[in-house]
Amino acid sequence: MEKQATRKVCVTGGAGYLGSWLVKKLLDKGYTVHATLRNLEDKTKVGLLKSLPGADSKLVLFQADIYNPDEFKHAIQGCEFVFHMATPQQTPGSTQTSQEMIEAVVSGVRSIAESCIQSATVKRLIYTATSLAASPITKDGKLDFKSNINELCWTPVDITLTHGLDYIMTYTISKTLAEKEALSYNDKPNCKLEVVSLPLGLVGGETLLSYVPLSVQVMLSQLIGNSETFKALQFQQQLLGSILMVHIDDVCDAHIFCIEKPSMRGRFFCAAANSTITEIATYFRLNYPQYQITEEFMGEEMEAISCDRSKLVKMGFEYKYDMKNILDDGVKCGSRLLGADHVFMINQ
Ligand SMILES: NC(=O)c1ccc[n+]([C@@H]2O[C@H](COP(=O)([O-])OP(=O)(O)OC[C@H]3O[C@@H](n4cnc5c(N)ncnc54)[C@H](OP(=O)(O)O)[C@@H]3O)[C@@H](O)[C@H]2O)c1
């Protein structure tokens, strides 16, 4: 077997929540990592990545922005595998319209796939997708679901939901179209590039960042009593008929699993647990009774739509973390970074 120490991989968005955890794991395994971020002058992000064990000799940082997607080719050149994790989010101060963001995300994927092909070194592109792109909904807004969520489900991009906040809808549409664009390279004649997409459940657990990542905040929204982040949880339940969850460590192991297979392409669900808002709230009430969850955060009683995640498991991937671990580590993360009093201040 080839020594991993000789293998070079690229991680776009290497300073993000998932990106930084993946870069750390890759360095620990001896890979040489080309990581991209938008601003090499950002001392906090660069400092975090440079402080990782092995970074001094095996980590090279590149500046690249999805809105100038050609910039990624320098980071991709010479690599054997590319993990494409970077994705813009619409924030209150964003100057781009939803349509501009969606187009940028899709053309970013296209440009990165083309750079992989042109490099002549990249064997496989791993696209970090979201389960929000795989809604089992059958009728627009009527909550009529197929019996389970699987790799054949695709979210209709013209869907309207009562919990359809603009920024999450834009994100969902951009990720759905971008994942389809990435996977389309598997069907191009004479294209040797293998593309794998991993639609992830909501990611929870610990973090290397100095703040609580957005997805962990969403997962803790009922404990924190934050009605804004809670809307993202309601959106997911309305779109998928359940809350799919996965631990950050399993997410990164799954990404690495996808490059350590001799050959692999296609779409593979990555979610360890599926639950409902009510079940999560009940878990928190039982295990963290010192914090009160008010009725508005309890959700409507319903049965979660199940998720068929067997495709990745049949390839040999094993999840190490269940719902309990995902939520408990999320609570630890929140308490560590904000202080237990602060995290749960609103409910006390
Ligand atoms: N967390 C989840 O629950 C979850 C679930 C499903 C899928 N995902 C996917 O996982 C990936 C990482 O998400 P995350 O949770 O780690 O989010 P995150 O911490 O916000 O990271 C997002 C990353 O995207 C980069 N980025 C943002 N705008 C960019 C732009 N215009 N050009 C280039 N890079 C840009 C950021 O780079 P800078 O460091 O330069 O700011 C950052 O590294 C995303 O593709 C997301 O869709 C996440």
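1. A polar side-chain atom of Tyr171 lies 2.6 Å from an oxygen atom of the ligand. This is a predicted model, and the distances below are computed from its atoms. Tyr171 is also listed among the closest residues to the ligand, together with Arg38, Lys45, Met85 and Lys175.

2. In the case of Asp65, an N or O atom of the side chain is 3.0 Å from a ligand nitrogen atom. For Ser215, a polar side-chain atom likewise lies 3.0 Å from a nitrogen atom of the ligand.

3. How much of the ligand does the protein bury? The ligand taken alone exposes 890 Å², and the protein buries 87% of that area.

4. The shell around the ligand draws two or more residues from each of four elements: helix H1 (17–28), strand E5 (124–130), helix H6 (166–184) and strand E10 (202–204). Strand E5 provides the largest share, three residues.

5. In total, 26 residues surround the ligand. By residue class the shell divides into 15 nonpolar, seven polar and four charged.

6. Helix H9 covers residues 227–240, which is 14 residues. From the first C-alpha to the last, H9 reaches 20 Å, close to the 20 Å expected at 1.5 Å a residue.

7. Is H9 largely enclosed or largely open? Ten of its 14 residues are buried, so H9 is largely enclosed by the rest of the structure. The cut-off for buried is under 20% relative accessible area. The buried set includes the aromatic residues Phe230 and Phe235, and also a run of glutamines, Gln236, Gln237 and Gln238. Thr229, Ala232, Leu233, Leu239 and Leu240 are buried as well.

8. Both ends of H9 have a local feature to check. At the start of the helix, a side-chain oxygen of Asn226 reaches to within 2.8 Å of the backbone nitrogen of Glu228. Just after the helix, Gly241 takes a positive phi of about 75°.

9. Is Asp166 buried or exposed? Its relative accessibility is 62%, so Asp166 counts as exposed, the cut-off being over 50%.

Conventions:
Residues numbered from 1 in each chain as written. Predicted model: local features only at pLDDT ≥ 70, side-chain atom pairs only at ≥ 80, totals over all residues. Heavy atoms only, no water. Near = heavy atom within 4 Å. Polar contact = N/O pair within 3.5 Å; in protein donor to acceptor, adjacent residues only side chain to side chain. Areas by Shrake-Rupley, 256 points an atom, 1.4 Å probe, with all protein chains shown as cover. Nonpolar A, V, L, I, M, F, W, Y, C, P; charged D, E, K, R; others polar. Expected span 1.5 Å × (residues − 1). Buried < 20%, exposed > 50% of the residue type's maximum accessible area, 1.4 Å probe, protein only.
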